[in-house]
Structures are given as structure tokens and as C-alpha cells.
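Welcome, and please open the model in your viewer. We will go from one selection to the next, with a short note on what to look for at each stop.

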Amino acid sequence: MGTVFLAVGAALAMIKNRADQKIDASIQPYVEKNAERLLQVESELLDVPYTCTPIFSFEVVSTTGPSASGPAGQYVGETQTLHLLPSKLAPSNTGWVGQLERAVEVRTDADRVIAHEFGHHLIDQWSRVQGRGMWPCVDEEDKITSRIGLYMINEGLAKYAQCTAIDGKSVLPANVDLSAMYNQVVDGVFPLLRLLVYEGGFQLVQPVLDQHGKRGIEFLLEHPPSDTDMFDLGAYQSGVLGALETTR
Ligand SMILES: [Zn+2]
């Protein structure tokens with residue numbers, strides 16, 4: 001009886017392996033086919049022009065991009081390259097294997113990852129066109145706590161592009177106290193960091209972009225939250241909105 005189970009298991013593993021290879025091989029043409037359309041949509045939503053498509057890299061392991069244990073996608077400003085990890089992505093048009101893998105989060109929906117990374121690319125390109133150079137320009141020597149504000153703006157803008165182009169909303173409740181979350185991170189509750197930077201960043205930038213579009217983005221790039229602002233992000237957000245309102 002055990003032999004039958006082993007044989008069935010081996011057959012299923014073989015089918016799964018074939019399906020994996022098929023999905024991996026289909027990522028590159030899928031991305032290249034959809035890049036132009038998605039960049040156009042996001043460029044209009046963000047109200048910033050796009051000047052060039054990023055360089056794509058589909059290497060499984062890279063020193064500058066994602067490794068097998070790294071994220072499914074990563075935009076690297078220094079080389080203006082969008083690294084994508086085929087083994088972690090399922091094109092949105094795949095059949096039942098892709099759907100199942102997305103449902104149990106073995107793979108991420110490719111459109112969602114690409115849309116997020118395109119957000120980074122568009123903002124970086126726009127910053128360069130404006131003469132500001134690469135954005136964000138992070139000083140890795142700085143303490144992590146003083147970099148969190150910049151990370152929140154950076155990831156918030158990419159998440160805004162992703163959410164407006166593809167799907168929904170923040171998983172955080174609308175009235176969450178972001179500075180309380182920041183204080184917890186400072187106190188060593190590091191598992192909250194990702195939630196604060198991505199979801200909190202999205203909440204921080206959302207009303208600014210909804211109300212002021214490109215002007216809002218420009219202001220946020222020039223005035224990310226300072227160390228002091230981090231302790232009252234509600235006041236920081238109101239200050240940004242107030243400054244943009246008076247100079248309208
Ligand atoms: Zn990101």
C-alpha cells in the first residue's frame with residue numbers, strides 16, 4: 001500500500017515540477033508583454049511621465065537582486081534594474097497551479113509585484129528628470145531609526161502606485177496611530193517594521209497623492225519625515241497637506 005502512495009506522490013511531484021518550470025519560463029515573456037501597458041497606466045495614475053522601461057533581470061540568484069530566499073521583486077536604483085525571481089511569481093493568466101500557489105502564497109501574483117516595482121522605477125526616473133538624481137538616496141551609515149521616514153515615503157509611493165493600478169487598500173485600519181507603531185519599533189518590536197514601512201507608508205502618502213498628485217509627490221521627495229516628525233506622523237501629514245494647500 002505504501003508503495004502506491006509513494007508512486008502517487010512521485011507522480012504528483014513530477015507534474016508539479018513540470019508546471020513550475022512552465023510558470024518560470026513564462027514569466028519573462030509575460031512581464032515584457034505587459035510592461036508597457038502597466039507603466040502607462042501607473043504613469044497616468046501618478047501623473048508623472050515615464051521616460052524609459054527598466055532593465056529586467058530574471059536571474060534566480062544575484063548579488064544585487066533577490067536571492068532564492070529574498071523578495072519576489074526588487075528595483076535597484078543604482079543600476080536602474082528590476083530584478084524578478086521567477087520561482088516566486090505566477091503570471092496572472094496561469095491555470096490552476098498558479099491560482100493554487102497564489103492562494104497558499106507559495107508564489108505572488110506577478111502583476112502585483114511588477115506594479116509595485118514599477119512604482120519605484122517611475123518615481124526614481126522622475127526624480128532624475130527633475131535634476132534631483134536617484135531616489136531614494138539612502139545613507140546606509142545612518143541609524144535604522146533615522147532611515148524609517150525615508151523608507152516609509154519610498155515604499156508608500158510604490159504601494160500607492162501598486163494599489164491604484166491593481167488592487168485595493170491598506171491592511172491597516174484607517175485611524176491607526178503610525179507614531180505609536182514607530183515607538184514600538186524603536187523599543188525593539190522589529191516585526192512591526194515591515195508593516196509600518198509598507199502599509200504605514202501607504203497611509204501616510206495616500207491623502208497627499210489623492211489631493212495633490214504630482215505636486216504632492218514632489219513635496220514628499222523634498223521633505224520626508226525628519227527624526228522628530230516620526231514621533232508625530234499625524235502632525236507631519238497635516239503639515240504637508242497644509243503647505244500644499246497654501247501654495248496651490
Ligand atoms: Zn518596494
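Helices (H or I, at least four residues) and strands (E, at least two) are DSSP runs, numbered from the N terminus.

Two notes before you move on. This is a predicted model, in which local features need pLDDT of at least 70 and side-chain atom pairs count only at pLDDT 80 or more, while totals for chains, interfaces and linings use all residues. Residues are numbered from 1 along each chain as its sequence is written.

**Into the core**

Next, select Leu89, Ala110, Leu157, Ala161 and Val205. Within the largest nonpolar core, which has 50 residues, these touch the most other members. A nonpolar core is a set of buried Ala, Val, Leu, Ile, Met, Phe, Trp, Tyr and Cys residues joined through C-beta atoms within 7 Å. The core draws at least three residues from each of domain 1 (1–135) and domain 2 (138–248); these bounds come from an automatic or database domain assignment.

Centre the view on Ala161. Which residues does Ala161 touch, not counting those up to four places away in sequence? They are Glu42, Leu45, Leu46, Ala115, Phe118, Gly119 and Leu122. Two residues are in contact if their C-beta atoms, placed from the backbone, lie within 7 Å.

**A helix neighbour**

Move to Leu192, in helix α6. Leaving aside neighbours within four places in sequence, Leu192 is in contact with Met181, Gln184 and Val185. Draw a distance between the C-alpha atoms of Leu192 and Met181: they are separated by 7.1 Å, and the two residues are eleven apart along the chain. Leu192 counts as partly exposed because 17 other C-beta atoms lie within 10 Å.

**The hairpin**

Select strand β2 (residues 73–76) together with β3. The two run antiparallel and are joined by four bridges; strands pair if DSSP finds at least two bridges between them. Tyr75 stands opposite Leu82 in β3. Four residues lie between the strands of this hairpin, and Gln80 is in that loop. Gln80 has a positive phi near 50°.

Most residues other than glycine have a negative phi, and most peptide bonds are trans. Two more stops are worth a look here. Asp47, in the loop between α1 and β1 (55–57), has a positive phi of about 65° although it is not a glycine. Then find the peptide bond between Trp135 and Pro136, which is cis, with omega about 0°. Pro136 lies in the loop between α3 and α4.

**Zooming out**

Finally, show the whole chain as a cartoon. How many helices and strands does the protein chain have? There are seven helices and five strands, and along the sequence they follow the pattern α-β-β-β-β-α-β-α-α-α-α-α. Of its 248 residues, 36% count as buried.

Technical notes
Buried ≥ 20, exposed ≤ 12 C-beta atoms within 10 Å, placed from the backbone.
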